Amino acid sequence: MTDLLANLALGFGTALSLQNLWLCFVGCMVGTLIGVLPGVGPIATIAMLLPITFGLPPTGALIMLAGIYYGAQYGGSTTAILVNIPGEATSVVTVLDGHQMAKQGRAGVALGVAAIGSFIAGCVATLFIAAIGRPLSSIAQLFGPAEYFSLMVMGLIFAVVLARGSVLKAICMILLGLLLATVGTDLVTGQERLTLGLQDLSDGVDFASMAMGIFGFAEIIKNLENPETRDVVHGVIGRLLPSKKDMQDSAWPIARGTVIGAILGILPGNGAVLGPFASYTVEKKLAKDSSRFGRGAIEGVAGPESANNAGAQTAFIPLLTLGIPPNAVMALMVGAMTIHGIVPGPQVMTKNPELFWGMVASMWVGNLMLLIINLPLVGMWVKLLKVPYRMMFPAISIFCCIGIYSINNSTSDVLFTAFFAVVGYALLKFGFEPAPMLLGFVLGKLMEEKLRQAMILSRGSFMTFVERPLSAALLVVSAIMLVIAILPAMRQKRDQVFTE
Amino acid sequence: MKKLFSAALVMAAAFVAPAMAQTYPAKPVTMIVPFAAGGPTDIVARFVSEHMSRTLGQQIVIENVAGAGGTTGITRAAGAPADGYTIMMGHMGTHGAAPALYPGLKYDPTALIPVGIAASTPIIIVGSMKFQPKTLQEFVTFAKANPDKLNQAHAGIGSVSHSTCVMLNGQLGIKPTAVPYTGTGPALNDMISGQVDFMCDQIVNLAEQIRGGTIRAYAIASPERSPALPDVPTTKEAGLPDYQVIAWNAIFAPVGTAPEITAKLNDALRKALADEGTRTRLLNLGAVLPTASEQTQAFLGDFVKAEVARWNKALAAAK
């Protein structure tokens, strides 16, 4: 305990120096901005800003780059809520209820609760890292390919629960998502699959261009159908900040979302993407009236937003304690650290304590800054909704196209987005929900990879999934969840039979 | 042959508008790095381009175009106008192993104009701490005695860790089960926890884990020990002298780029490699820098031809 206090004192000593405070602020500010701009993600931005950090001291540079990453998680909710565009996999869930809240004139409340939830989650997750980061990192080591595959199976069950309407349609969409995930280069043989001979598809469909097409652009086309009701928000814009009742409703979802997101964030191979989905599923199942979900339930924003921010913070654990990056952004952070002469490894914590604890402390400082930056902005964002739609939609479209282009500097990504816009519009018209498809897509890639690795390691025996205790436990939980998910539907049918 | 070649060069030079080459560079130069930002090739590119920009008086902008083992980015760079404003950082994979791995490759590595070798990072053979063999000799004995039990990780078809291990397996005559990962990070994670037994990769990706004692180094595939890891024996010392592989990174320009321009770029690269700050940064990565005679354009041209032939042989044998 005294160790922890001494370490935190060292950390805050580092983080609160004038230069580091300034860099943290710059990072958070830039992060918020790129989070708000659809498409421009933390990866493109950090890569772009790497040369600028050459002249900075390593700790300061990393504090700034980390700020961009978790700042983007804050900002990402803004576009999801206001214009129905999820910039990243982690904000897909926020779209579901957040945008509905915006349509009901509760955009300010949604943005406010997202910011407050993110703040609480960020602070708790930072404490997590400081207190038990080291032992927690061993969780990552428990997860081999078999365990990971079983976790993904559990994730697919979430996808079923996500669906609002027909379960059959939801399953179709999940399968379509899984199928889309198989586009690209085969992991084992290196052969190209379903790429139609297009080199731009050799690494698969890009998530951002798909998500933006299917949600954002499809929504724009739909809005343009009806000249009268084109404005995003009909009628009055309600209060800007959450009321006492809103906060009471959100308190438990924020707490649960934080824990779920923090644990999943530690897992290797982008486990953090599951966090918001898991949180949403839990909230929907725990709610007294689950039909409110998808129609503007505040819990559906509070939980997932907390989960994604907690995950963004704890994703630093494997990087800072083991030197192993759990996702693409963290891999880029490895590069940034290497450029500054600190190659992350198992000894970073003992060899560079001021870097480790300085970063941990700066995350706390950064979260506070983000809250201060974001709450006043809520009013401004909400005012944006009053801009007439005929001026709004060209601006949104242009920003989206620039954003998509910037991900891989590729014009074909923009064309893919246009294609998915048409697909998304068709899905809307036929009453299919895109969210399960996106989850299927995200999980599909990981699932195939882990399934094949596990099968290669077991030399083709499926028993590996039940022989390994953790994997077996995850599969049992999935089975129980599936039963819980299906039972109410069955009971309802029975009720219907009885009433007839 | 050489004379003829230089005569051709002189003639070609006479035809190219000299004014353009003299004022080069008049605007920022784009260097396409065919891998994600933050990887070893990207870091080398950023270190040398920073100093090169100072010599050229124009910024070199790094553009990361990742995909298909680096061939997506090189294909795009090779198709760019040959005016010197688009150059590329190629490496052992894209300009050595790629022709053997990708039958439909849309560029010819030996035809692209060589600018110069930037830096190379040696390959290390490493094993999990939970894996029984402790030395390279024990590893070879174990691998030959237990061919069915052996699991080798690699970071995807076409990655450095894949092709270098294929060469190792070929030389040892072993056939381990290859487990593909989507990058070095996840592969390392599973090797530390003992899911997979061994892999080969660049020193920069492994050095900290070896120092931290989470994985075991068997040997480094370079002629001399690395100052970054003085305790790791060379493959020569460990009894596998033929296994010499190094992940080299070198700058190329599209076919048809004027010789004056590539000479200017080569000069800027040499100045960067002579700069103390840049040298230290590269050496800290565990990189090996080219000697003066290895810094010429002609050396790189011949080297690429030799590498393509060598990888063709090694990878064809594995099929």
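Reader: Which residues of helix 11 of chain B are buried?

Author: Start with the general idea: an α-helix has 3.6 residues a turn, so residues three or four places apart point the same way. Here the buried ones are Ile261(B), Thr262(B), Leu265(B), Asn266(B), Ala268(B), Leu269(B), Ala272(B) and Leu273(B). Buried means that 20 or more other C-beta atoms, placed from the backbone, lie within 10 Å of the residue's own. They line one face of helix 11 of chain B, because they fall within an arc of 160° seen down its axis. The arc is taken from the directions from the helix axis to the C-beta atoms. Helices are DSSP runs (H or I, at least four residues), numbered from the N terminus.

Reader: Where do the numbers come from?

Author: This is a predicted model: local features need pLDDT of at least 70, side-chain atom pairs count only at pLDDT 80 or more, and totals for chains, interfaces and linings use all residues. Residues are numbered from 1 along each chain as its sequence is written, and chains are lettered from A in the order in which they are written.

Reader: How many residues of chain B are in contact with chain A?

Author: Contact means C-beta atoms, placed from the backbone, within 7 Å. By that rule, 42 residues of chain B meet 39 residues of chain A. Helix 8 of chain B gives the most to the chain B side, six residues. That side has 15 nonpolar, 20 polar and seven charged residues. Asp, Glu, Lys and Arg count as charged; Ala, Val, Leu, Ile, Met, Phe, Trp, Tyr, Cys and Pro as nonpolar; the others, Gly among them, as polar.

Conventions:
A residue is buried if 20 or more other C-beta atoms lie within 10 Å of its own, exposed if 12 or fewer, and partly exposed in between; C-beta atoms are placed from the backbone. Helices (H or I, at least four residues) and strands (E, at least two) are DSSP runs, numbered from the N terminus. Two residues are in contact if their C-beta atoms, placed from the backbone, lie within 7 Å.
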